[in-house]
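Subject: Structure handed over, with notes

Hello,

The structure you asked about is below, with the sequence. My notes on what was found in it follow.

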Amino acid sequence: MLRRTAVVVALAVTAPVLPSLAAPTVLEPVVRSAALAVGTTTAAVRDARLVGVTWQSGAATVRLRWRTPAGWTAWDQPETEAPAGTTPSTEPSWRPTGASDVQLHVTGAPRGLRLVTVADATTRRPAARSAQAATRPASGLLRAKNRADWGADESIRKGRPEYAGSVRAVVVHHTVQRNDYDASDVPALIRADYAYHVRSRGWDDLGYNLLVDRFGQVWEGRKGGFGKATIGSHAAGFNTATLGVAVLGDYTKARPTQPVTHALARVAAYAAATWRFDPTGTVTLTSKGSPRYRAGRQATLPRVFGHQATSTTACPGSLMDALSEVRRGAKILLGPAPRVTETAVTGAPVHAPTPLVVTGQLSHIAPWRVELTDPAGDVVAQESGEGTEVRLEWAGLRSAPVGLGEEGPAVLPAAPGRYRWAITVDDGWHDPFVRDDVVKVGLPVVPV
């Protein structure tokens, strides 16, 4: 099955803090190219992050497999695509962890066949400074890292960005990399893809506008500036007026995690808010020539769609099944986040059996949780529900500690002190909203 990597838009959810290349330096990827013959070839690739195959003319079919500590992997056939004016080539194939060799089997009658490997350099050099390189997204939805954060070598980029009048849809891809990378690996993975796109495939820049990693962080891809309809190289025939976002990883079989789904929803919401469209709607686009739609043919597509909708590819794999949730999440993100608008606390300082009562009013229906914790931070009471009204009652008693014996009391009076109540409202898409305060708790009078 042919696979394609690609990117479109990416919104983010709560994600771990990833390392940033704070110093204005870059690691320049090492791109090596060697002549390759039709037939079967085995090559050492111990330091490579990815391999690809290019040729000057003719047609080629490429299959490859990797020698790992567990033996040879199954044969894979990377997708082949050659946009007009670029070098015919395969999509990059990413070296599995521990793989020492790659074996390729090439058929067809290509001319100028070459094997390309990309590895990261070990030395840094000063980065070219640019005002645009430091841009940050104006929308709070996106929360993206910029090109400087992944160490983009601006000296290899060609020409200037080109722009459409607007973005009308988001196209989702996956890069078919391994899925076990760490947060610290992400910049190098993006750099390798960038180097292969520009130096071997003949593209002007990284093909995708945005990238999303498995931790839910969004990264700026192709240069052009946030909030601008930069034309990418991610979906032949449909690059203009679309935002390409690629998820780093292989989702041919793997299922996307919640951080990935939420990040894509943030991207879709960012695009919809910036260019004023409904992310759950449809749009009619005119093809400039793709494997699925000839030039001039119109295609009615969802505003957020997978690459396979416009090309003969399996990309973005299982992410296709998550796109309805991505669209729904984007629509929710465009609306207001639920908030606690009113609170009240009665019965303090508490003396059982008169309860302490915490109530709250929400701006609109949403899941909520309210907890009461003692001075040590232990939860002594909690309630949850969904709606617009919050309520917690507590009579000043708590569960007895473990170890008192079967005949001991089930509950004991809570110790006096300053207790904290907290109402948390979380619709699953916006950042959770928390309202909390401290209340005085007296020594409860337990009825006999």
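This is a predicted model: local features need pLDDT of at least 70, side-chain atom pairs count only at pLDDT 80 or more; totals for chains, interfaces and linings use all residues.

The pairing of β3 with β8 (residues 101-108) is antiparallel and rests on 6 bridges. G39 has V106 of β8 as its bridge partner, and A44 stands opposite D101 in the β8 strand. On the pairing of β8 with β5 (residues 60-68), there are 8 bridges, again in the antiparallel sense. As background, the strands of a sheet pair through backbone hydrogen bonds, in either a parallel or an antiparallel way.

There is also an open sheet of 6 strands, in the order β11-β14-β13-β15-β12-β18, and its pairing is mixed. Its edge strands, β11 and β18, each pair on one side only. Within this sheet, β13 (residues 210-212) and β14 (residues 218-220) are antiparallel and share 3 bridges. One of the residues to look at is L211, whose bridge partner in β14 is W219.

Helices

Two packed helices are described by the angle between their axes and by the distance between those axes. For α2 (residues 258-275) and α3 (residues 319-334), the angle is about 55 degrees and the axes are 8 Å apart. Angles of 65 to 115 degrees count as roughly perpendicular and those under 35 as roughly parallel; α2 and α3 are therefore oblique to each other. The crossing of α2 past α3 is right-handed.

Backbone exceptions

Most residues other than glycine have a negative phi, and most peptide bonds are trans. Two places in the model depart from this. The peptide bond between C315 and P316 is cis, with omega at about 10 degrees. P316 sits in the loop that runs between β18 (304-306) and α3. R143 is not a glycine, yet its phi is positive, at about 45 degrees. R143 belongs to the loop between β10 (124-126) and β11 (144-145).

Pocket and cavity

How much volume does the largest pocket have? The value is about 560 Å³. Its lining comes to 27 residues, and those nearest the centre of the pocket are R222, I231, G232, S233 and N239. By class, this pocket lining is made up of 11 polar, 9 charged and 7 nonpolar residues.

The largest cavity holds about 110 Å³ of space. It is lined by 14 residues, and N209, L210, G225, F226 and L243 are the closest to its centre. The cavity lining divides into 5 nonpolar, 5 polar and 4 charged residues.

For a first look on screen, I would take the following in turn:

- the mixed sheet β11-β14-β13-β15-β12-β18
- the cis peptide bond joining C315 and P316
- R143 with its positive phi
- the largest pocket, with R222 and I231 among the residues nearest its centre

Regards

Note on methods: Residues are numbered from 1 along each chain as its sequence is written. Side-chain values use heavy atoms; hydrogens and water are left out. Two strands pair if DSSP finds at least two bridges between them. Helices (H or I, at least four residues) and strands (E, at least two) are DSSP runs, numbered from the N terminus. On a 1 Å grid over the protein atoms alone, a cavity is a set of points where a 1.4 Å probe fits but cannot get out, and a pocket is an open set with protein on both sides within 12 Å along at least five of seven lines; lining residues have an atom within 4 Å of a point. Grid points are joined across faces, edges and corners, and a volume is the space filled by probe spheres set on the points. Ala, Val, Leu, Ile, Met, Phe, Trp, Tyr, Cys and Pro count as nonpolar, Asp, Glu, Lys and Arg as charged, and the others, Gly among them, as polar. Axes are lines fitted to C-alpha atoms, for helices over the stretch in contact, and angles run from 0 to 180 degrees between N-to-C directions. Angles under 35 degrees count as roughly parallel, over 145 as roughly antiparallel, 65 to 115 as roughly perpendicular and the rest as oblique. A crossing is left-handed if the near helix is turned anticlockwise from the far one by less than a right angle, and right-handed if clockwise.
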